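This briefing concerns selected local features of a single protein chain.

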Amino acid sequence: MGCQYFEPTDNGANSFTVAMPKLTFGRGSLAEVGERANAIGFKKVVLFTDPILESGPIVEIVRKSLTQQNIQFSIFSAIRIEPDDDCVMQAAAMLKDADPDGVISVGGGSVIDTAKGALLVAQHGGHIRDYFAAPIGNSKPVPGPVLPHIACATTSGTGSECTSITVIRLNDLDTKFVVASPHLLATQAIVDPQCCDTLPGNVVASTGFDLLCHALECYTAKAYTRHLEIKDPNARQLIQGANPFSDLSAQKALEIAGKYLVRGVADNTDKEARDNLMWGATLAGIAFGNSGTHLPHAMSYGITHLMKDITTDGYQVSSPFIPHGISVIISAPSIFKHTAEATPDRHLEGANFLNADTKGATKDEAGEVLHKRLVELMRDTHIPNGLSGVGFDHSHVNALAESSFRQQRAIANAPRDSNLVDLENMYSGALKYW
Ligand SMILES: [Fe+2]
């Protein structure tokens, strides 16, 4: 496609692929999981969830639905927020023992990502680390399909139910890394907004900024035509850069975030806002599943790697802990100010989708306009005031940059090239916003 952002380049890709699971969205749709599993041919499944959900009403809906269809299930729930490689290996061993027809995951990104990693290891062997890119892992390609998987999202942020990636923390490096392969896409995704009805406002704020950043990073990602062409179509990843399809989903997700994020955080009885945020998260998941994120996600990994003595209310996790969405958004205003120089039109459009006042703004002001709107949304939803709000100061900037600089795949998907000093400057600009 030769138009504007997607002009052909020498040696660049000239096609893009769109893939996503069969998606069912709507209030009450989780109760259909048994019938959907039955239609796939599941007789025996492993149900992945977390310890809190396991004893709650959401998993009860799933148990009942599976029982009604005479589908046997065993449960794996030893999953904490930000799952690690030990957890994935333990889940893979359980999967091998159980020998199911498929997997059903019910939870946020941590649960769904654990299921994807366990399915990979149970089917194709080795250690999950083998599948991470070198030098962290062995760059082992995912050789083929895994068992069918129905992913049911219970938060309005992750998008993992619609993506081909899994994010796992490596214990010995204490840092998260990504495995990406079209084979990791779930077979079906069920997104039922009633799962979010009881989420506290600060959890919706974190997941809401995760969805916002997924969408904004997709919309501003390097165009697929600027990524090197991979001749073998079967070797291509869905993390392929911005493309006309991911633009569509990302734009709508940004409009939803601009309109409903503050409302959904402020009032958990505002069903219109909460349902729209769930739809926005789904759209943003579909978008980044087909394009990839860039610097805000890459630079969030340094933050969760080096965080100390910090906890966040509303999460039953031991210290240190910063929710994923917060770790992503706190550097984002500073990062987009840096990347706007490369593609100011895209950044201005992104700000416009988020309801910023862009009237009369010039290209030179694109980064400033987007920065201002993001900070406004952060303040209105009580997000920590930049890195200083989660325990970092100027003395941590170098270490943060060095840690995140290892996320080369995501860094390379940004519209502007960045070296280590650029990362340091972006972190410095993110220390305090107001
Ligand atoms: Fe994310």
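Two strands are said to pair if DSSP finds at least two bridges between them. On that basis, β5 and strand β8 (residues 188-191) pair in the parallel sense over four bridges, with Ala151 standing opposite Ala189 in β8. The model is predicted.

**Strand β5 and its burial**
- Strand β5 spans residues 149-153 and is mostly covered, five of its five residues being buried.
- His149, Ala151 and Ala153 point one way from β5, whereas Ile150 and Cys152 point the other way, and all are buried.
- In a regular strand, side chains alternate between the two faces of the sheet.

**Pairing with β4 and the crossover**
- Strand β4 (residues 102-107) also pairs with β5 in the parallel sense, over five bridges.
- Within this pairing, Val106 stands opposite Cys152 in β5.
- From β4 the chain passes through helix α5 (residues 109-124) to reach β5, and this β-α-β crossover is right-handed.

**Gly350 in helix α12**
- Gly350 is a residue of helix α12 (residues 344-353).
- Gly350 counts as buried because it has 30 C-beta neighbours inside 10 Å, the cut-off for burial being 20 or more.
- When its neighbours within four places in sequence are left aside, Gly350 is in contact with Leu216, Tyr219, Thr220, Leu254 and Leu370.
- The C-alpha atoms of Gly350 and Ala122 are separated by 41 Å, and the two residues are 228 residues apart along the chain.

How values were computed
Residues are numbered from 1 along each chain as its sequence is written. This is a predicted model: local features need pLDDT of at least 70, side-chain atom pairs count only at pLDDT 80 or more; totals for chains, interfaces and linings use all residues. A residue is buried if 20 or more other C-beta atoms lie within 10 Å of its own, exposed if 12 or fewer, and partly exposed in between; C-beta atoms are placed from the backbone. Helices (H or I, at least four residues) and strands (E, at least two) are DSSP runs, numbered from the N terminus. A crossover is right-handed if, with the strands pointing away from the viewer, the path from the first strand over the helix to the second runs clockwise. Two residues are in contact if their C-beta atoms, placed from the backbone, lie within 7 Å.
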